[in-house]
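Below are some notes to read alongside the model. Please keep the structure open while going through the points.

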Amino acid sequence: MTHGRPRQRGAERGSGFQEAINHTNEAYEKLGRACVTRKAIPGKYVVPTGIRRRGLAVPLPPSLAPLKTGDALTTTALRQALADGREGDPRAFIPESRGEPDYGGVVAPHGRGIFYDAKTTQRDLLDFDNLHPHQVTFLERMAACGAIAGFLVEFARHGAVFFIPIQMVTLFRAARRRKSIPYHVCAAHLTPVRAGRGLVIYDYLPAIEQQEQWYGPDYARLCSSIKGATPSLTAPRHETDDPAPAPRLPGKRS
């Protein structure tokens, strides 16, 4: 079933999924609901051989060099100057391998840990090729210690967002020749993320709470439900074969 995509307002309209999640997390913190931050990409700057090292100092762009204290500078001129400066910067940023997902923090009121990666797909499935193995391992470790862990996934074609717990990902990755999680399985078993108020664009915490009420924090009942509805999940299969959606649980809202 297709669920309407939460309407984005103001400055958020037209921005990407991760940007909307960033605004949502900022609003969560202001409301005291959670403190979730986006991880910085670890890495380092390198300077090519033959160029004099000056620490992290960036050469002043020619367009800013004539300026003196008190001179006016328009926003457009500043942006152009910064762009010119980046083009003239001889340093190169080398990202390092990321062992953690993009987002991590705690949920009020008990400070329970939460870790997830935000993904957008234009297809009718979440392809495992888009999941970094080291991040999956990290999320599995966090879930084993009782944290909320998984992937917040936007199925853009359907205008739907789901929090897919890492336990569900592990189940499908363990299946022979299984290379993805189909959208219709998420729609049949998981709670869609609804639009919130104000800057809470994707109010994903209530969806997580609802899922844990149904399946438990370890999602054992979810995995049993999926395997019961899909006996061939762990049997040899073609990767294009998708399990049929299971009947919705009693009382579950569509």
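**Notes on the fold**

1. In the protein chain, 71% of the contacts with a separation of 6 or more are between residues 24 or more positions apart. The model is a predicted one. The chain has seven helices and 11 strands, and 43% of its 254 residues count as buried.

2. Start with the sheet. Five strands form an open sheet in the order β1-β4-β5-β7-β8, and the pairing is mixed. At the edges are β1 (34-38) and β8 (160-165), each of which pairs on one side only. From one strand to the next, the twist averages 25°.

3. How do β1 and β4 run relative to each other, parallel or antiparallel? They run antiparallel, and five bridges join β1 to β4 (residues 103-107). Within this part of the sheet, Thr37 stands opposite Gly104 of β4.

4. Helix α6 (residues 204-215) lies across β1, β4, β5 (112-121), β7 and β8, at about 110° to β5. Helix α4 (residues 166-174) lies across β7 (148-155) and β8, and runs at about 80° to β8.

5. Next is the core. The largest nonpolar core contains 58 residues, and Ile114, Tyr116, Leu152, Phe162, Ile164, Met168 and Tyr204 are those with the most contacts inside it. Leaving aside residues up to four places away in sequence, Ile114 touches Val36, Gly104, Ile148, Tyr204 and Ile208, among others.

6. Which residues of α4 are buried? They are Ile166, Gln167, Met168, Val169, Leu171 and Phe172. The cover over these buried residues includes α3, β7, β8, β9 (180-182), α5 (183-189) and α7 (220-229).

7. The last point is a helix pair. Two packed helices are described by the angle between their axes and the distance between the axes. For α3 (residues 133-144) and α4, the axes come within 10 Å and cross at roughly 125°. α3 is therefore oblique to α4. On the α3 side, the contact is made by Val136, Leu139, Glu140 and Ala143; on the α4 side, by Ile166, Gln167, Thr170 and Arg173. The crossing of α3 past α4 is left-handed. Of the α4 residues in this contact, Ile166 and Gln167 are listed as buried.

How values were computed: Residues numbered from 1 in each chain as written. Predicted model: local features only at pLDDT ≥ 70, side-chain atom pairs only at ≥ 80, totals over all residues. Heavy atoms only, no water. Pairing = 2+ DSSP bridges. Helix = DSSP H or I, 4+ residues; strand = E, 2+ residues; numbered from the N terminus. Axes fitted to C-alpha atoms, helices over the stretch in contact; angles between N-to-C directions. Contact = heavy atoms within 4.5 Å. Core = buried A, V, L, I, M, F, W, Y, C linked by side-chain atoms within 4.5 Å. Buried < 20%, exposed > 50% of the residue type's maximum accessible area, 1.4 Å probe, protein only. Parallel < 35°, antiparallel > 145°, perpendicular 65-115°, else oblique. Left-handed = near helix turned anticlockwise from the far one by under 90°.
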